[in-house]
Amino acid sequence: MRALPPTARAFVLAAVLAAAACAAPALTDPATPWTAVVVLAALYLGCELVRVLAPTDRRAPDGLGCFFPVVMAAVFLLPPAAAALVAVPGALAQTVVQRPAGVRRVWHAAQQAVAAHLAGRVHGLLGGRGATAGPGPGSGAPGGTGHGADPALWVADFPSVLLPAAAAAVVFCLVLTALDAGILAAAEGRPAADARHGLLTRSLAPHCVHGLAGLMMAVMWRSPYGIPAALLVLLPMYVSCWVFAQYHRERAAHRATIRALVQAVDIKDRYTRGHSERVGQASAMIARELGMADDRLEVVRIAGILHDVGKLGVPTRLLRKDGPLTPEERRVIELHPEYGHEMVRGIGFLGEARSAILHHHERVDGSGYPYGLSGEQIPVLARVVAVADSFDAMTSTRSYSRARPVEVALTELERCAGAQFDPAMVRALVTAIGRHGWHPVVTSDDDLQVIGAGAAASTAATAAAGKPAGAPAGAAAGAAAGTAAAPAGTPAAALPAVPAQPPGLAADRPRGGGGPAPERPAPGSR
């Protein structure tokens with residue numbers, strides 16, 4: 001996002017104007033409690049500067065950033081416009097890693113100001129401000145009508161503040177999520193619905209926790225114990241943020257481990273650069289279509305990314321060989337699932353992904369490798385990755401084959417369902433591409449197929465129709481192999497023919513089979 005597209009710039013500008021409209025009334029309203037605004041804004045800014053200005057060797061935990069309990073306390077204590085002002089200084093001071101840093105800081109400030117204003121509106125409409133009203137110090141409220149002077153009455157009043165506070169926290173989260181999804185769609189072309197779903201599922205629980213902490217701050221702020229007691233709430237929140245930061249650091253280390261392994265495979269086999277990420281993407285699409293839980297969906301994605309890590313143990317000359325493989329060379333390449341499993345068996349966080357790495361070349365008819373498992377004996381994640389692997393292998397250029405159109409690849413998967421692939425996994429991929437299209441997250445060459453959701457619907461219908469009745473067993477494979485992807489307007493006849501494949505998409509050598517090795521491995525078999 002170094003160079004923002006015009007749509008993204010317009011989206012940021014609209015958010016800034018909306019934030020200005022939300023905060024402007026506080027600047028002209030004589031009733032604005034400026035003491036509370038300044039204290040809360042300075043507190044939020046200080047929480048951000050602790051991390052930004054800390055020495056390199058004593059950096060504060062990453063989780064301390066976006067210290068929303070202070071913003072939520074402002075939502076519960078102040079008018080909506082004043083709460084929007086509180087969010088601005090801290091948001092402008094947040095750490096930004098990617099460029100353009102200035103635009104990102106302005107975006108964060110506008111986003112949080114709008115979210116705080118709308119959350120404050122909802123909190124007020126549900127009677128939340130009346131439930132927390134009281135003559136607490138620093139409130140800026142003239143007189144006060146609540147029970148802040150009597151702790152016993154305050155406790156009796158406390159349950160009435162929970163519903164407005166919970167609703168405000170949810171609205172705060174929803175607004176942030178919707179704006180994030182919008183900017184991702186505008187800047188990176190991601191489907192807004194998918195981005196919103198992923199962001200919401202990850203952020204709703206943390207924002208509710210921050211809302212509860214903000215409510216605790218507001219309660220103590222309005223109580224007879226005043227601002228010092230409210231500040232004490234930040235201590236346990238700091239500890240919880242520190243623990244959360246350690247979790248994120250561990251996750252970052254996991255991602256770095258995965259990235260290093262994938263980069264090593266890409267360097268070794270230049271023809272499959274980006275293949276790992278695309279298989280992870282297609283695997284996640286299948287898993288989502290099957291209704292897998294989010295945590296398992298992430299495991300599936302990782303399994304797809306790392307499925308070929310065992311190629312690090314295969315001689316480079318075999319991976320880059322343009323001609324046909326000898327039976328001995330094929331046997332060496334077929335060891336890569338076992339190599340991969342051995343490499344990652346000690347990486348605990350991979351969990352179920354390890355079995356997918358080991359078994360992603362098994363076939364449901366039992367003729368795959370390395371162990372010749374069949375049907376339900378093959379782990380579910382391995383069956384998912386097998387379909388995703390072969391789909392990407394067919395739709396991208398390799399040293400031994402040209403890229404095929406997406407519809408041809410889907411038709412071939414349908415033809416081989418029940419023999420090589422699990423039919424449920426094939427149907428899930430066809431349905432997912434029909435609904436969302438195929439937009440590879442990493443491209444390795446110009447022959448990669450990209451298909452929109454509208455075109456994908458007809459593609460899925462074509463694939464679902466399968467081969468015509470009475471067609472010979474190898475008809476789909478022959479048609480797929482004989483047609484390579486071409487730039488728009490290029491006649492099909494001008495393309496060099498790809499050698500025909502034997503029946504079966506991946507023509508993998510059955511273990512113990514006496515037949516000769518195929519002249520050239522089919523997609524997904526290397």
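Accessible areas come from the Shrake-Rupley method with a 1.4 Å probe, and for residues only the protein chains shown count as cover. On that basis the chain exposes about 22,700 Å², with carbon and sulfur atoms supplying 63% of it. The model is predicted: local features need pLDDT of at least 70, side-chain atom pairs count only at pLDDT 80 or more, and totals for chains, interfaces and linings use all residues. Residues are numbered from 1 along each chain as its sequence is written, and side-chain values use heavy atoms, with hydrogens and water left out.

The chain has 22 helices and zero strands, taken as DSSP runs (helices H or I, at least four residues; strands E, at least two) numbered from the N terminus. Of its 526 residues, 49% count as buried, that is, under 20% relative accessible area with a 1.4 Å probe, protein chains only.

Helix 13 and helix 18 pack against each other at an angle of about 55°, with axes 10 Å apart. Axes are lines fitted to C-alpha atoms over the stretch in contact, and angles run from 0 to 180 degrees between N-to-C directions. Contact here means heavy atoms within 4.5 Å.

| Helix | Residues | Contact residues |
|---|---|---|
| Helix 13 | 294–306 | Arg296, Val299, Val300, Ala303, Gly304 |
| Helix 18 | 380–394 | Val380, Leu381, Val384, Val385 |

Ala81 is found in helix 4 (residues 80–92). At 10% relative accessibility, Ala81 counts as buried. Beyond its neighbours within four places in sequence, Ala81 contacts Cys22, Ala23, Pro25, Ala26 and His117. The C-alpha atoms of Ala81 and Ala20 are separated by 9.6 Å, at 61 residues apart along the chain.

Key
Buried means under 20% relative accessible area, exposed over 50%, partly exposed in between (1.4 Å probe, protein chains only).
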